[in-house]
Amino acid sequence: MKHLIKTTPSILVELAALVCSAIGIKMTVSYGSFGYLYFTIQSNIWIAATLALFALWQTLGVFIKPLRRIPRLLYILKFVFTVSITLTGGVFCFVLAPTQPGAIEETVNILTHIAVPLLAIIDLFLCRPRDPKYRWALYGLVPPIYYLAFASIGYVENWDFGQGTNYPYFFLNWDSPAGAFGFADPPYIMGTFYWILVMIAIVAGFGAIYVLLLKIENKILMAFSQEK
């Protein structure tokens, strides 16, 4: 019973994220299968699959005592994909939405860019690892770097990312007015190379901040437990 009470909030948040992600993905791909080419949908799939696994694992742990200890690898995977979905939310809210009037009012964007990231972040701290490492912030770079390579291949191969464009986001348009290393008027502002450097720095920063906050949370809860 104690384990059930402890894990229920996390399981509920994980299931809520899974539902929001599933609805958002379905709504997105209803406009065309090119939706799967976007980091938004890919990161939603990654975090939804991971949180579904956590929800299942924790539920089984209520009945199977050995499963109450979650493998460290799973915590790392959740951390990595939480960083990715954080990037999805951050880029949308602070880069894309300001250049797309009304985008933040669309249900599909609220689900995939806001609700899922927030729920994933909440669960990161509800169902947390006991000893997170700062090197995890480097692991968090893997999905974005993969996607940069993925999108660049799409650009070269002239994939259709929708509306006849061969790039997913304006800052990954190598043929933009700013080009690779130049500068231009908004929204391009600077070349794709500089955007990539900024994104990598932001992702690493997200990861480091999350590790720091997890460590602080663990210390506070440990101190509270000792006082009791």
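## Core residues and helix packing

The model is predicted: local features need pLDDT of at least 70, side-chain atom pairs count only at pLDDT 80 or more, and totals for chains, interfaces and linings use all residues. Residues are numbered from 1 along each chain as its sequence is written, and side-chain values use heavy atoms, with hydrogens and water left out.

L172 is among the residues with the most contacts inside the largest nonpolar core, together with F79, Y147, Y169 and F171. This core has 56 residues; a nonpolar core is a set of buried Ala, Val, Leu, Ile, Met, Phe, Trp, Tyr and Cys residues joined through side-chain atoms within 4.5 Å. At least two core residues each come from α1, α2 (39-63), α3 (72-96), α4, α6 (142-157) and α7 (192-227). Helices are DSSP runs (H or I, at least four residues), numbered from the N terminus. The largest share, 13 residues, is supplied by α3.

F171 lies in the loop between α6 and α7. Its relative accessible area is 7%, so F171 is buried (under 20% relative accessible area, 1.4 Å probe, protein chains only). Not counting residues up to four places away in sequence, F171 touches V91, V95, L96, T192, W195 and M199.

Leaving aside neighbours within four places in sequence, Q58 is in contact with H3, T7, S10, I11, E14, I70 and C127.

Two helix pairs are set out below. Axes are lines fitted to C-alpha atoms over the stretch in contact, and angles run from 0 to 180 degrees between N-to-C directions.

| Helix pair | Axis separation | Angle |
|---|---|---|
| α1 (residues 2-29) and α4 (residues 107-126) | within 9 Å | roughly 155° |
| α2 and α6 | 11 Å | about 145° |

The α1 angle makes this helix roughly antiparallel to α4 (over 145 degrees). α1 passes α4 in a left-handed crossing, in which the near helix is turned anticlockwise from the far one by less than a right angle. By class, their contact has 15 nonpolar, six polar and two charged residues.

The crossing of α2 and α6 is right-handed, that is, clockwise. F39, Q42 and W46 of α2 meet P143, P144, Y146, Y147 and F150 of α6. This contact has seven nonpolar, one polar and no charged residues; Asp, Glu, Lys and Arg count as charged, Ala, Val, Leu, Ile, Met, Phe, Trp, Tyr, Cys and Pro as nonpolar, and the others, Gly among them, as polar.

How values were computed
Angles under 35 degrees count as roughly parallel, over 145 as roughly antiparallel, 65 to 115 as roughly perpendicular and the rest as oblique. Buried means under 20% relative accessible area, exposed over 50%, partly exposed in between (1.4 Å probe, protein chains only). Contact means heavy atoms within 4.5 Å.
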